[in-house]
Amino acid sequence: MLADFIESNYGIHMKEQKKTLLISRLHKILEEMGFDSFTQYFEFLIHDKSGKAVSAFVDKITTNHTYFMREAEHFSYLQDTVLPEIVPKIKGNDLRVWCAASSTGEEPYTLAMIIDEYFGERKCLWDTKILATDISSAVLETAKKGIYKNDAIDSLSKMRKLQYFKKIDTDNSIVIDRIRNEVIYRKFNLMEPEFPFKKKFHVIFCRNVMIYFDAPTKDRLVEKLYDCLEDGGYLFIGHSESINKISTRFKYIRPAVYKK
Ligand SMILES: C[S@@+](CC[C@H](N)C(=O)[O-])C[C@H]1O[C@@H](n2cnc3c(N)ncnc32)[C@H](O)[C@@H]1O
């Protein structure tokens, strides 16, 4: 029952191996909230009009693992090939990038650094704001703060660490304001039937979220992503994910990179 609720609302398909993980996460919620059974909790969830219960539930069931420069080839391909190809064709100096399952912020901030490096001094002439969305309010709150353990930024070069972070104490660093202000965070469920964006994107990163979706949900999402990309725009997915080459309108470019 709960697995169906999760799948139909959030697309997250609970494979048998994952069910044990879900059950243990749910036991924790039940304990914290004082419910006696899953049925009781489920009744509470579907009748809660405030949205708070569902939000807390989503925070618990989602897997938010991410890190700076994850699948680093994507970022060098973006910097060395995609941006030089698409930017000269953009009218109105408005580069639109969407990070569609941004988790705790490491991915959109990596994108902001790459874009900053690409534009260099020309950056002030451009609007390069990145839209970063996720279904979990908890990860969005963490992302907005932009504070990370020093260990978490170790995968970045010394130059990037110096240029884009400020130490706040012995253990933590914060993303500098200029980069933090480049990212706009919003809560958004990729299962929404209609995507509300007024303008199309030049680049979409939608990585390591489709692995949780079943094949029809994934195919529908991919086609919606296609529709909200500009012609010639790029979609990046996770390296362990794939797109149905027969049914998609996307052109395959290289592993985990597709073009409209
Ligand atoms: C494993 S993380 C991937 C983060 C990042 N994209 C990366 O590759 O490192 C997956 C993220 O997808 C989010 N997510 C799961 N289902 C979602 C949905 N239906 N709509 C939007 N985000 C979702 C989760 O909350 C989580 O933060």
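# A guided tour, from hairpin to ligand

Start by selecting strand 9 and strand 10: they form a hairpin with two residues between them, and Ala-256 in the turn has a positive phi of about 70°. Helices (H or I, at least four residues) and strands (E, at least two) are DSSP runs, numbered from the N terminus. What you have open is a predicted model, in which local features need pLDDT of at least 70 and side-chain atom pairs count only at pLDDT 80 or more, while totals for chains, interfaces and linings use all residues. Residues are numbered from 1 along each chain as its sequence is written, and side-chain values use heavy atoms, with hydrogens and water left out.

**Stop 1: the sheet around the hairpin**

Strand 9 and strand 10 run antiparallel and are joined by three bridges; two strands count as paired if DSSP finds at least two bridges between them. Click on Lys-251 and look across to strand 10, where its bridge partner is Lys-259.

Now widen the selection. The open sheet here has seven strands in the order 6-2-1-7-8-10-9, with mixed pairing. Its edge strands are strand 6 (183-187) and strand 9 (251-254), each of which pairs on one side only. On average, neighbouring strands of this sheet are turned by 20° against each other, direction ignored. Such angles run from 0 to 180 degrees between N-to-C directions, using axes that are lines fitted to C-alpha atoms, for helices over the stretch in contact.

Next, pick strand 1 (residues 97-99) and strand 7 (residues 201-206), which run parallel and are joined by three bridges. Which residue of strand 7 does Cys-99 stand opposite? Phe-205 is the one to highlight.

Helix 5 (residues 72-86) lies across strand 7, strand 8 (229-237), strand 9 and strand 10 (257-259), and runs at about 170° to strand 8. Helix 7 (residues 137-145) also packs on the sheet. It touches strand 2 (130-134) and strand 6, and its direction makes about 165° with that of strand 6. Contact, here and below, means heavy atoms within 4.5 Å.

**Stop 2**

Three bridges join strand 3 to strand 5 (residues 172-175). Zoom in on Ile-147 to find Ile-174 of strand 5 opposite.

**Stop 3: helices crossing**

Show helix 3 (residues 38-47) and helix 4 (residues 52-61). They pack at an angle of about 120°, with their axes 7 Å apart. That makes helix 3 oblique to helix 4; angles under 35 degrees count as roughly parallel, over 145 as roughly antiparallel, 65 to 115 as roughly perpendicular and the rest as oblique. Tyr-41, Phe-44 and Leu-45 of helix 3 make the contact with Ala-53, Val-54 and Phe-57 of helix 4.

**Stop 4: Lys-224**

Find Lys-224 in helix 10 (residues 215-227). Phe-195 is 29 residues away in sequence and 7.5 Å away in space, C-alpha to C-alpha. Leaving aside neighbours within four places in sequence, Lys-224 is in contact with Leu-190, Met-191, Glu-192, Pro-193 and Phe-195. Look for the backbone oxygen of Glu-192, which lies 2.6 Å from a polar atom of the Lys-224 side chain.

**Last stop: the ligand**

How many residues surround the ligand? There are 22, and the closest are Thr-66, Arg-70, Ala-101, Asp-134 and Asn-208; a residue counts if one of its heavy atoms lies within 4 Å of the molecule. To finish, check these distances:

- A ligand oxygen atom is 3.0 Å from an N or O atom in the side chain of Asn-64.
- A ligand nitrogen atom is 2.8 Å from an N or O atom in the side chain of Glu-107.
- A ligand nitrogen atom is 2.9 Å from a polar backbone atom of Leu-190.

Notes: Polar contact = N/O pair within 3.5 Å; in protein donor to acceptor, adjacent residues only side chain to side chain.
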